[in-house]
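Good morning, and thank you for the time.

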Amino acid sequence: MTSLSARVVAYASVREFVPLYGLYALLFEDHGLDTRSISSLFVLWSVVAFVSEVPSGAWADTVSRRGLLFGSGALLTAAFTMWLVWPGYWGFALGFVLWGISESMKSGTFEALVYDELAARGCEHRYAAIMGYANAGEMTCVFVAILTAAPLFELGGYALVGWVSVAITVVDIALVGTLPAAPKVEEADEIAGRGDTVLVRYMSSLRAGTSEIRTDRVVRRSVVLAAALLACLAFDEYFALLARESGAETGLVPVLVALTAVGQVVGAATAGRTATMSGRTMGAVVIVGSALIAGGALAGGIAGFTAIGVGYGALHNTAIVAEARLQDTMSGRARATVSSVVGLTSEVLSVAVFAAYAIGSLWLPMAALVAVTVLPLVGLGVVAPRLLPAARPAGTERER
């Protein structure tokens, strides 16, 4: 189990060790894009991701999941390369198209791969803890990478930051080969045994996954909750602009943004301990976290970004717990497909967030926009007790 955890955490973490994350919003702005243009890129990113999300999830229930992760890494490398060789609106747009497809190929695929491997070992109850460690590793690498962006920028500007990021994505592609390849737990495998084509298996997985969401109320509610919580994390794309608006110089911006990553590290690392939280507890955590983000955005500075980090960490923790409950709740016949619907729904909601920023920027400063966009989270906190399935005791099967 230790070996599995290490491999999962290593792959997930290195993928996020991208110094460019701390500066790419400023890269766009310094190449002539305003908030509306930058928001349009984020919308394009999300649209591409949700259009390809469910189809890629069904492929992950049909073909090699590790193969899809290899492809995902290659597209991510190409996306950042595109930004560096064509630093204009259309180059950035093409990079986001590639990144969106890359993320959809990973989303659902990675989670299903890990859960099915744990299921093969009879250790499903460890999923929340392992994914929590993986997410903590991701956020730790984001934190270190963002801090690294400042000295890299001083040494070689955006070019050095970008090419170091590209090199890291190449390393992560190699780490895909270390991941396990447990047998899938879905009907598509049985169809394959009868000699049906890949297309038939693909359509079977797609039908099985979407049918389970339509017909199983518990699964459907779990999908909605997990997707909504993930969508709540979309406005971190504007934290760099928020920091600059509050008066921070370009070199200091990554440091302030890194404070939010610290909160996410703590939130993710403790997911194993909070995996059995009740719906009421989750609702309270979501509401308090939202208030901290809103207050921090209005306050600005180190204190404000520290508050944002705490609130963001709390939301990150609840998102991991909600996704783990979904994995426990679904049948597993088309696990990656169902997981991808979460990604699809969250991307749709993210588009609404980006559109709100694009329109709101005409009248409101960035601090006010962040504070306003977290208000819907209060409503999500209120309904969370109804949407979150009860925790399943270790070693038990869900009753159907």
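At what angle do helix α4 and helix α7 pack, and how far apart are their axes? Helix α4 (residues 65-85) and helix α7 (residues 127-175) pack at an angle of about 170 degrees, and their axes lie 9 Å apart. Axes here are lines fitted to C-alpha atoms, for helices over the stretch in contact, with angles from 0 to 180 degrees between N-to-C directions. The two helices are therefore roughly antiparallel to each other, a term for angles over 145 degrees.

A word on the basis of these values: this is a predicted model, in which local features need pLDDT of at least 70 and side-chain atom pairs count only at pLDDT 80 or more, while totals for chains, interfaces and linings use all residues. Residues are numbered from 1 along each chain as its sequence is written, and side-chain values use heavy atoms, with hydrogens and water left out.

To return to the helix pair, the residues of α4 that meet α7 include Phe 70, Leu 76 and Phe 80, and on the α7 side they include Tyr 158, Trp 163 and Ile 173; contact means heavy atoms within 4.5 Å. By class, this contact has 11 nonpolar, 5 polar and no charged residues.

Next, I turn to burial. Thr 109 lies in helix α6 (residues 109-120) and counts as buried, because its relative accessibility is 0%; buried means under 20% relative accessible area, with a 1.4 Å probe and protein chains only. Among the residues that Thr 109 touches, not counting those up to four places away in sequence, are Arg 65, Leu 68 and Ala 336.

Helix α17 (residues 366-373) is mostly covered, with 7 of its 8 residues buried. Its cover includes α3 (35-60), α14 (279-299) and α16 (335-360).

The search of the whole structure finds 1 cavity of 30 Å³ or more, and the largest cavity holds about 1400 Å³ of space. A cavity is a set of points on a 1 Å grid where a 1.4 Å probe fits but cannot get out, and a pocket is an open set with protein on both sides within 12 Å along at least five of seven lines. Of the 49 residues that line the largest cavity, the closest to its centre are Glu 16, Glu 103, Leu 230, Leu 233 and Asp 236.

The second largest pocket holds about 260 Å³. Its lining divides into 11 nonpolar, 1 polar and no charged residues, and α16 gives the most, with 4 residues.

How values were computed:
Parallel < 35°, antiparallel > 145°, perpendicular 65-115°, else oblique. Nonpolar A, V, L, I, M, F, W, Y, C, P; charged D, E, K, R; others polar. Buried < 20%, exposed > 50% of the residue type's maximum accessible area, 1.4 Å probe, protein only. 1 Å grid on protein atoms, 1.4 Å probe; cavity = no way out; pocket = protein on both sides within 12 Å on 5 of 7 lines; lining within 4 Å. Points joined across faces, edges and corners; volume = space filled by probe spheres on them.
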